[in-house]
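Take a walk through this predicted model. Keep the sequence and the 3D view side by side as you read.

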Amino acid sequence: MVQTISIVVSLVAIGFILWWFFGQREAEAKLAENVDGVQVVEITVDGGYQPRTVQLKAGMLAKLVFNRKDPSSCLEEVLLPDFGVAQMLTLGKKTEITIDPSKAGEYKYTCGMQMFSGKVVVK
Ligand SMILES: [Cu+2]
């Protein structure tokens with residue numbers, strides 16, 4: 001009886017952990033919108049990146065619009081090393097970065113000092 005209870009408790013705990021990690025991650029990814037054949041997604045820069053994860057379609061030009069609201073110098077630059085991008089962001093403005101996500105995969109983007117990071121998921 002004690003064994004049955006501990007097995008049930010373990011299964012519930014495992015289920016909760018899976019739901020927590022995968023459920024959260026799924027909810028966090030923001031899909032890009034198709035605007036005249038270009039996929040566009042806006043990321044707010046304010047104490048980090050919001051949303052942290054954006055999802056793009058492979059093989060279609062993409063515009064990442066960084067809206068910098070955070071005055072700290074830490075977030076003044078954004079790096080997308082996989083796309084050869086190092087871009088300064090103007091405070092209080094939207095900076096557009098165009099990338100060509102031709103290959104599916106997960107690509108990290110970070111602030112200039114790599115303290116904050118986010119992810120571009122290409123499917
Ligand atoms: Cu930084």
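The tour below goes from the sheet, to one residue in it, to the metal site.

Start with the sheet. Six strands form an open sheet with mixed pairing. Read across it, the order is β1-β5-β11-β10-β7-β8. Two strands sit at the edges: β1, residues 30-31, and β8, residues 85-88. Each of these pairs on one side only.

Strand β1 pairs with β5 in the parallel sense, over two bridges. Find Leu31 here: Gln55 in β5 stands opposite Leu31.

Stay with β5, which spans residues 53-56 and includes Thr53. Is Thr53 buried or exposed? Its relative accessibility is 9%, and buried means under 20%, so Thr53 counts as buried. Which residues does Thr53 touch, leaving aside those up to four places away in sequence? They are Glu28, Ala29, Lys30, Lys119 and Val121.

Move on to the copper ion. Its protein donors are the SG atoms of Cys74 and Cys111. They lie 2.1 to 2.3 Å from the ion. Cys74 is in the loop between β6 (62-68) and β7 (77-80), while Cys111 is in strand β10, residues 105-111. The pair therefore ties together parts that are 37 residues apart in sequence. Both cysteines, Cys74 and Cys111, are buried.

Strand β10, which holds Cys111, comes between β11 and β7 in the strand order.

Conventions:
Residues numbered from 1 in each chain as written. Predicted model: local features only at pLDDT ≥ 70, side-chain atom pairs only at ≥ 80, totals over all residues. Heavy atoms only, no water. Helix = DSSP H or I, 4+ residues; strand = E, 2+ residues; numbered from the N terminus. Buried < 20%, exposed > 50% of the residue type's maximum accessible area, 1.4 Å probe, protein only. Contact = heavy atoms within 4.5 Å. Pairing = 2+ DSSP bridges. Donors = N, O, S within 2.8 Å, 3.2 Å for Na, K, Ca; no water.
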